[in-house]
Amino acid sequence: MTMNGNRIEYREISDASDPRYKDFLYRKDGELYAESFLRRVEWYFKSRRYKLLVAELDDQIVAHAGAYNVTAVINGKEVDWWWGVDTFAMPEVRGKGLGKGLQGALHQLPNFSSQAYSRINGNIKLRCGCTPLFSTPFVYYPCKRFFSAVIGMVSKKCFGKSLTLPSFGTSKYRKINSFIAHRKKFDTATFSGRHKICQYSEFINTHLSKFDFYIKRSPEYLDWKYYQNPSVEYVVIEIHNPSDQTLIGLLVFSEAKEKIVYMNKLRVSMILDFITADESLFSLKDAIFLIDRHFQQLGRPLDGVCSL
């Protein structure tokens, strides 16, 4: 492929220390974020199930796209599944087909898919022959802020500037979450830091097997996804039946951080894994309540909880 007489070349990167790739990230993000992102790429490579493709123009990388391999279980059958991650092209080469070239190469992998992506990236995937499988909407559950955030978003969309409103009566969302949770009786055990989630592999897969599609959580996968992951700090809550102390639920969520939600900076926690043996004993509503209570007890601010 050529661009303005210059040839575009695609190649696979096998090491995060590749000097041209590091130069690309430094130009793209600046030193601080580039070094953080390189640690993420090194973590991907640790899985030994990761492919990173780049596009080069005049011996300079101008775009990249990656994918990592997992084991999906579809109607009880294990299959190879590839998740696409981190597609990006420098502004000066956008609209030139590089994104499609990278995505097209990754689409040669078996069952290549993406769960969250921009509208432009989605259009590229459709042109590469993808078809939608199911919807995974982004959901925000308020604990402290909702209407003030929505009004701020409307202000930005309509007037091009942020309108910051004070949050009055912020405890109302917590009261609602508490009421919805019905104050069910269960015991909990909370673990922060690098808690080993691989020990729950059998419990997780047993209770995911009721679904016709899920990603298998082997001990090795869970160790890589959580314990070795440099990009996430997480909390684990075990939920036990008080009558016999059997494990009835597992909740994994991120430490609260400031993120852009509804076009506003909100302090949120993301649900990373939610497994229940019985929805009547422990439900997603109960999980929201437990996350909110966790940060309340620590005296840490939390505007809401996010999930896919």
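Visitor: What is the relative accessible area of Q245?
Guide: This is a predicted model, in which local features need pLDDT of at least 70, side-chain atom pairs count only at pLDDT 80 or more, and totals for chains, interfaces and linings use all residues, while residues are numbered from 1 along each chain as its sequence is written. Side-chain values use heavy atoms, with hydrogens and water left out. Q245 is found in the loop between β10 (234-240) and β11, where helices (H or I, at least four residues) and strands (E, at least two) are DSSP runs numbered from the N terminus. Buried means under 20% relative accessible area, exposed over 50% and partly exposed in between, with a 1.4 Å probe and protein chains only, so Q245 is partly exposed at 42%.

Visitor: Near what value is phi of Q245?
Guide: Q245 is a residue other than glycine, and its phi is positive. The value for Q245 is near 65°.

Visitor: What is the relative accessibility of N111, which also has a positive phi?
Guide: Phi of N111 is near 55°, again in a residue other than glycine. N111 has its place in the loop between α3 and β6 (112-113). N111 counts as partly exposed because its relative accessibility is 37%.

Visitor: How far apart are the ring centres of Y44 and W224?
Guide: The structure holds 16 aromatic pairs, a pair being rings of Phe, Tyr and Trp (its six-membered ring) with centres within 6.5 Å, counted as stacked with planes under 30 degrees apart, as edge-to-face over 60 and as tilted for the rest. Y44 and W224 form a tilted pair with 45° between the planes, and their centre-to-centre distance is 6.4 Å.

Visitor: How many residues apart are Y44 and W224 in the chain?
Guide: Y44 counts as buried because its relative accessibility is 3%, and W224 counts as buried because its relative accessibility is 7%. Y44 lies in helix α2 (residues 31-46) and W224 in helix α8 (residues 219-227), so that the pair links distant parts of the chain, with a separation in residues of 180.

Visitor: Which residues form one aromatic cluster with Y44 and W224?
Guide: The cluster includes Y44 and W224, the pair described above.

Visitor: Over the ring of which residue does the charged end of K196 sit?
Guide: A charge sits over a ring if NZ of Lys or CZ of Arg is within 6 Å of the ring centre and within 35 degrees of the ring normal. K225 has its charged end over the ring of Y226, 5.9 Å from the centre. For K196, the distance to the ring centre is 4.0 Å, and the ring belongs to Y227.

Visitor: How many residues separate D273 and R217, whose side chains meet in a salt bridge?
Guide: A search of the whole structure finds twelve salt bridges, each a side-chain nitrogen of Lys or Arg within 4 Å of a carboxyl oxygen of Asp or Glu. D273 and R217 meet at 2.6 Å, N to O. D273 lies in strand β13 (residues 264-276) and R217 in the loop between β9 (213-215) and α8, and their separation in residues is 56.

Visitor: Is R217 buried or exposed?
Guide: D273, the partner of R217, is buried, with a relative accessible area of 5%. R217 has a relative accessible area of 14%, and therefore counts as buried.

Visitor: With which residue does R300 form a salt bridge?
Guide: R300 counts as partly exposed because its relative accessibility is 40%. The closest N and O atoms of the bridge are 3.2 Å apart, and the partner of R300 is E255.

Visitor: How far apart in space are the C-alpha atoms of I275 and L251?
Guide: I275 is found in strand β13 and is buried, with a relative accessible area of 3%. I275 and L251 are 24 residues apart in sequence, and their C-alpha to C-alpha distance is 6.5 Å.
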